[in-house]
Amino acid sequence: MKTLLRGGTVISAQGEKRADVLLEGEKVAAVGEALPAGDARVVDCTGKLLFPGFIDGHTHFDLEVCGTITADDFATGSRAALRGGTTMVVDFAAPDKGETLAAGLKRWQEKSEGKTACDYGYHMTIDDWNEDISRELGEMMDQGITSFKMYMTYPAMMIPEGDMYHALLRLRELGGVAGVHCENDGVIRTLVAEAKAAGKMSPGSHPRTRPAPLEAEAVGHLLRLAQLADVPVIIVHLTCRESLEEVRAARRRGQTVYVETCPHYLLLEDGVYDNPDYMEAAKFVCAPPIRKESDQQALWEALKNGEVDTVATDHCSFTTAQKRAGRYDFTKIPGGLPGVEHRGVLLYTHGVAAGRITASDMCRVLSENPAKLYGCWPRKGVIAPGSDADIVIYDPAANSVITAAAQTQNVDYTPYEGWETSGSIAQVYLRGQLAVDHGEVQDISGQFIPRGRNQL
Ligand code: DUC
Ligand code: ZN
């Protein structure tokens, strides 16, 4: 099957150009001016922007948190992803403590295979350390799972720092890369105990017990361990100015550090936790928490100047009914926000249309850099002959409004309710097949994408 996308503007991380794009089977066959249509179906893309399919390197589908399971599984989450222009997700496989990585992987395969509408891969969580896990890391690499996750907080998943150091050394040997959730767990626990003792049980205590300096301290801590191990690391969901300063210091020392942030840290402000309606405030509980307006500014600047490498969602959705489990105790609110469906349109609206970044910057952080960092470049992340025909056709003129009522993600709210968008996604192609047509997600199947080493 051939499709000719005629007359659009093709975006890459390096720039933009008017060009036709010919899709043949699952691949891009040609990019150029006035390509002959031949027997291809022609789609008029005049006035539209063509982005390489977005990659979301941070989703949690079908994950248990606080005794409940995320509202989105691989079926609903991946359909929402596609609707938002995300043609590939990398989700976090999470073995239980004491379990082998192979058992964790098998569980994630069972959750995802045959159900996932977009393409997908897994990061593997390392929450224990022993000889078997060290050996299994090599086996994961051989199976195309080349990125890993470690937590410096959450008792169920956190790894002692000596073990984290050993894991970093082993990843250096293997050429794998780890993303790390950085927050100082010990002091957070102390602050939580103090808040509870003072009867401060509402969501307002959430940001106060997980303040920015405790994130930055953990970032600095990790980066010194990474310096010792001489290995690159990814700071996942970096939220604040203080953490950026730690990253800058490490980069000045010559370290390779990758930074991911998320739309909610770029766009929301911590006043959301002071809403007198407890459950309204509870909707925004995630870790790290939403920060201050000055942090948003710092993140946008860092995104513009290339200090932020990727924007992912950390999509971890719970319905308001699920969040209600924490209605008398903020620590029992399952943490996480929905977002996989709206990342592209939010970044376009508040980044590109607002003049903060260019469409090429957007392509860099949503498509090209994640493809390189997670080892699937140039199959993904670029519109070029030979790459997968994953294409987002963005119509800058088709303004819209984000509402929970109109969304596909399986949750009854969105943090962006009523927000107006500059333009919207007209169509999405996944490996040459029409996956979304003006908001209608088609019947389509994703594939597991085995990944190679980091190329960023
Ligand atoms: N933070 C969240 O808010 N939810 C899931 C995992 C995470 O790191
Ligand atoms: Zn996460």
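## Pockets and ring contacts

The largest pocket has a volume of about 1100 Å³, as computed on what is a predicted model. Its lining draws on 46 residues, and V65, C66, Y154, A156 and M157 are those that lie nearest the centre. Two or more lining residues come from each of β7 (64–65), α2 (101–112), β11 (147–151), α5 (185–197) and α6 (205–209), with α5 giving the largest share, 5 residues.

The second largest pocket, with a volume of about 340 Å³, is lined by 16 residues, of which R83, H342, S400, S424 and I425 lie nearest its centre. Here β17 (400–401) and β19 (424–430) each supply at least two residues of the lining. The make-up of the two linings by residue class is set out below.

Turning to the rings, the structure holds 9 aromatic pairs. One of them joins Y416 and W419, whose centres are 5.1 Å apart and whose planes make an angle of 75°, an edge-to-face arrangement. Y416 counts as buried because its relative accessibility is 2%, whereas W419, at 24% relative accessibility, counts as partly exposed. Ring pairs also link F51, F54, Y348 and Y394 into a cluster.

Charged side chains meet aromatic faces as well: K111 lies over the face of W108, 4.4 Å from the ring centre, and the charged end of K149 sits over the ring of F92, at 4.0 Å from its centre.

Note on methods:
Residues numbered from 1 in each chain as written. Chains lettered and ligands numbered in written order. Predicted model: local features only at pLDDT ≥ 70, side-chain atom pairs only at ≥ 80, totals over all residues. Heavy atoms only, no water. Phe/Tyr/Trp six-rings, centres within 6.5 Å; stacked < 30°, edge-to-face > 60°. Buried < 20%, exposed > 50% of the residue type's maximum accessible area, 1.4 Å probe, protein only. Lys NZ or Arg CZ within 6 Å of the ring centre and 35° of its normal. 1 Å grid on protein atoms, 1.4 Å probe; cavity = no way out; pocket = protein on both sides within 12 Å on 5 of 7 lines; lining within 4 Å. Points joined across faces, edges and corners; volume = space filled by probe spheres on them. Helix = DSSP H or I, 4+ residues; strand = E, 2+ residues; numbered from the N terminus.
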